[in-house]
Amino acid sequence: MKLATLKNGTRDGMLVVVSRDLTTYADAREIAPTLQAALDNWDTVRSKLSALAAKVEEDRVGVSPFDEADCESPLPRAYQWADGSAYINHVELVRKARGAEVPESFYTDPLMYQGGSDGFLPPHGTIPLADEAWGCDMEGEIAVITGDVPMGVSAEEAGKYIRLVMLCNDVSLRGLIPGELAKGFGFFQSKPPTAFSPLAVTPDELGAAWSNYLVHHPLCVDYNGEPFGRAEAGQDATFSLAQLVAHAAKTRPLGAGTIIGSGTVSNKDPDGSPGRPVKDGGRGYSCIAEIRMIETINTGEASTPFMRVGDTVRVEMFDEDGASIFGSIDQTVVSA
């Protein structure tokens, strides 16, 4: 099933069930007023939500036209948001550009940071930017929402606690990252609010594309209306989303509604090279930093600028028939 949160003037919005073709929705508030409420009582409400979803598909319940622009991120705020590093190719490029080796532990122990979760950006809206010198960047990712995850869960068991899957634009301010990391205490100011896709879908909705706790479809990132990234989310992943959930739960339980991100989806070229732009026949990039790293490696200098006021980014994923799975993240950078 496909779930969304519509704006209704409250912080947490209203839960709706959306048709598979993303054209209509049914109000789900009699089952659970919000997505967080549904996650808190998932074992009780899932079957009811599934039954409502079936009625929507069979036209057996009153529906309304669905418009992605009316959506909040599925969880407009969350108890916890942590982002990992499933795609080590991205990390390798960043390190190589500054002449640093990737520590061996990165291939067995994921990177992860805890982001701000008290308010997420709507999927169709703006990215406020106070200073273009901060180096605003998009990061196209896959994310999952968990139920209650016990502390110390194994990677083999962690997957069963994944309730929903969605897309993510993890906005980063690249110009602020080096100074923060130099303090040895992690990200804060360099990670402004994140946006998630309008739809969060149950893993079974993905069919065979949900395999080994990865989504096996290209992640489509368009920048200023042009194809920028078409990275295959099911390839070149050092860690699965279940492994990232287990990593987050190593020393503490995770509450229902925890969001775990994959990190920037990133592919190598078939010949093992860092990757080519889409216009050159490659799979492109899911963030600007990656193409800047390749430019630095190849020429000694980055030439692609970071996002400026007026720039747009769109993140979306399509199934085998060309239908949008999660709806789109479609944002414009504005002056804060």
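Reader: Which residues line the second largest pocket, and what makes a residue part of a lining?

Author: The lining consists of Q114, G115, G116, D118, G119, L173, F187, F188, Q189, K191, P192 and P193. A lining residue has an atom within 4 Å of a pocket point; on a 1 Å grid over the protein atoms alone, a pocket is an open set of points where a 1.4 Å probe fits, with protein on both sides within 12 Å along at least five of seven lines. This is a predicted model, in which local features need pLDDT of at least 70 and side-chain atom pairs pLDDT 80 or more, while totals for chains, interfaces and linings use all residues. Residues are numbered from 1 along each chain, and side-chain values use heavy atoms, without hydrogens and water.

Reader: How do you know that R252 and Q114 make a polar contact?

Author: Their side chains are joined at 3.1 Å. A polar contact is a pair of N or O atoms within 3.5 Å, one able to donate a hydrogen and the other to accept it, so the pair qualifies.

Reader: Why is R252 called partly exposed?

Author: Its relative accessibility is 39%. Buried means under 20%, exposed over 50%, and partly exposed in between (1.4 Å probe, protein chains only), so R252 falls in the middle class.

Reader: What else does R252 touch, and where is R252 found?

Author: Besides Q114, R252 touches Q80 and M151, not counting residues up to four places away in sequence; contact means heavy atoms within 4.5 Å. R252 is found in the loop between helix 6 (241-248) and strand 18 (259-261).

Conventions. Helix = DSSP H or I, 4+ residues; strand = E, 2+ residues; numbered from the N terminus.
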